[in-house]
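Visitor: I'd like to learn how to read a fold like this one. Where do we start?

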Amino acid sequence: MTDEQPLPAPHESDAPESLDEIREAALRAGLDEYDLTPEDLAELAGEPLPETEEALPVLAIVGRPNVGKSTLVNRIIGKRLAVVEDTPGVTRDRVAYRAEWAGRDFTLLDTGGWEKNVTGIDLSVAQAAEAAIEMADAVLFVVDAMVGATATDEQVVRLLRKADKPVVLAANKVDGPQGELEAAALWNLGLGEPYPVSALHGRGTGDLLDAAMAILPTEMHQIEIDEHAPRRIALVGRPNVGKSSLLNKLAGSERVVVNEIAGTTRDPVDEIVEIGDRPWTLVDTAGIRRRVHMTKGADFYASLRTQTAIERAEVALVLLDASTPLTDQDLRVVQQVVDAGRAMIFVYNKWDLVGEDERFLLERSIEQDMVQHTWVPRVNLSAKTGWHTNRLLPALELALSSWDLRISTGKLNAFLGELVAEHPHPVRGGKQPKILFATQAATRPPRFVIFASGFLDPQYRRFIERRLRETFGFEGTPIQISVRVREKRGRKK
């Protein structure tokens with residue numbers, strides 16, 4: 001015990017002087033009985049964890065439908081997260097996954113989501129592949145070795161050569177020596193050595209990933225945010241909800257094309273506009289132009305563009321059409337913003353089209369549909385006429401201030417001390433986890449680390465999040481809470 005580093009005192013004075021200090025001291029009681037690392041002690045003393053994280057290299061998996069891309073994704077990440085069916089073009093909501101190989105972390109970008117269409121498949125494959133290739137640092141091109149190179153495969157090869165990105169060629173569905181002979185024929189694509197693999201059984205995936213790690217960049221620059229630069233706003237939402245109209249109204253001119261046809265905007269357009277005498281950077285992400293016989297590859301392409309814009313932004317205005325019921329696509333966009341950890345505001349456009357008698361029912365419907373997102377500020381407006389667009393600025397400032405908000409370690413532990421005293425964690429299996437202390441590890445979004453003697457129930461973690469919002473605000477920003485378990489000394493052998 002004598003060799004242990006002493007716990008830092010809550011304050012310079014020996015006796016707590018305030019109610020907050022009393023609560024914090026009560027929570028700290030008995031901490032010297034637990035195995036705490038030097039990092040734990042530094043966090044307890046109020047030293048925040050580093051907030052800057054190095055960007056991860058991006059490896060995009062491209063290929064025509066039904067070559068086994070999603071099966072390979074699941075094999076690489078070690079989980080069945082990507083939907084896999086024998087039908088070509090099964091649509092998925094998530095397209096980006098965090099993966100690790102040989103001690104290196106990277107982002108795996110899946111380019112699924114197509115449906116087979118005789119007249120439109122080549123076009124949609126090209127669009128989705130082009131979007132993924134543009135975002136990636138390297139490409140893993142998957143070809144069905146049993147079928148061989150098709151005309152669509154050759155079209156993707158032309159895209160890869162044009163993009164000039166490093167490529168690894170995966171010859172999938174190779175389960176034996178005969179398959180390896182079939183895979184060797186793919187040398188003719190001109191992309192170098194084809195790596196024979198079986199995504200279903202895992203055969204050859206180690207060599208494939210070794211080759212992929214060899215072409216991914218080893219050093220990634222850290223993105224530093226200029227405090228004096230205009231803050232970035234992403235305009236996101238399903239097609240034809242008025243994103244381009246809102247951008248034009250805020251900009252005071254016709255900056256982007258507006259059309260009744262859903263999906264007029266093809267590429268995100270960054271615009272500097274003044275809102276409340278302050279410059280802001282707006283990113284319009286209205287999807288792409290629709291064409292006859294277009295498959296769901298178009299929706300996937302728009303999803304990639306939206307995800308990129310969200311990750312480049314600090315706050316997202318999620319536009320929703322007040323004149324139509326909420327859709328699954330709306331909820332997917334909302335979840336994209338939450339997963340990216342960005343501040344968020346709900347913007348119900350076309351509110352002027354809702355009759356006075358219908359607004360009460362609409363308000364009730366919104367409360368039910370968004371019960372999991374009551375922390376998100378809402379602005380009802382008309383992008384076409386400009387009605388109530390002046391309410392966006394206060395909502396933006398509120399959401400971003402919450403996104404930047406940091407709670408001191410002392411205040412946080414005083415808050416937890418009171419919470420635990422009033423509502424202790426339920427007993428599970430004869431044991432009751434004890435919260436030892438907590439710290440806010442980062443902002444943008446606020447991320448909290450709770451040290452406890454055991455795992456906390458998900459319901460109790462949601463209860464902590466709800467009380468955090470009630471006490472400190474955090475309106476308009478997601479909150480991330482993680483738990484680290486620390487055991488008492490002498491318990492481990």
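Guide: Let's start with contacts: two residues are in contact when they have heavy atoms within 4.5 Å. Keep in mind that this is a predicted model. Among contacts in the chain between residues at least 6 apart in sequence, 72% join residues at least 24 apart.

Visitor: What share of the chain's residues is buried?

Guide: Buried means under 20% relative accessible area. Here 49% of the 493 residues in the chain are buried. As for the surface, the chain exposes about 24600 Å², and carbon and sulfur atoms supply 49% of that area.

Visitor: And how many helices and strands does the chain have?

Guide: There are 14 helices and 15 strands. Let's pick out one sheet: an open one of 3 strands, in the order E13-E14-E15, with mixed pairing.

Visitor: Which are the edge strands?

Guide: An edge strand pairs on one side only, and here that goes for E13 (435-442) and E15 (480-485). On average, neighbouring strands of this sheet are turned by 25° against each other, direction ignored.

Visitor: In which sense do E14 and E15 pair?

Guide: Parallel, over 6 bridges, with E14 covering residues 447-452. To find your place there, look for Ile 450, which stands opposite Val 483 in E15.

Visitor: Which helix packs on the sheet, touching E13 and E14?

Guide: That's H13 (residues 409-422), whose direction makes about 140° with that of E13. Then look at H14 (residues 458-472): this helix lies across E13, E14 and E15, and runs at about 130° to E15.

Definitions and conventions
Residues numbered from 1 in each chain as written. Predicted model: local features only at pLDDT ≥ 70, side-chain atom pairs only at ≥ 80, totals over all residues. Heavy atoms only, no water. Pairing = 2+ DSSP bridges. Helix = DSSP H or I, 4+ residues; strand = E, 2+ residues; numbered from the N terminus. Axes fitted to C-alpha atoms, helices over the stretch in contact; angles between N-to-C directions. Buried < 20%, exposed > 50% of the residue type's maximum accessible area, 1.4 Å probe, protein only. Areas by Shrake-Rupley, 256 points an atom, 1.4 Å probe, with all protein chains shown as cover.
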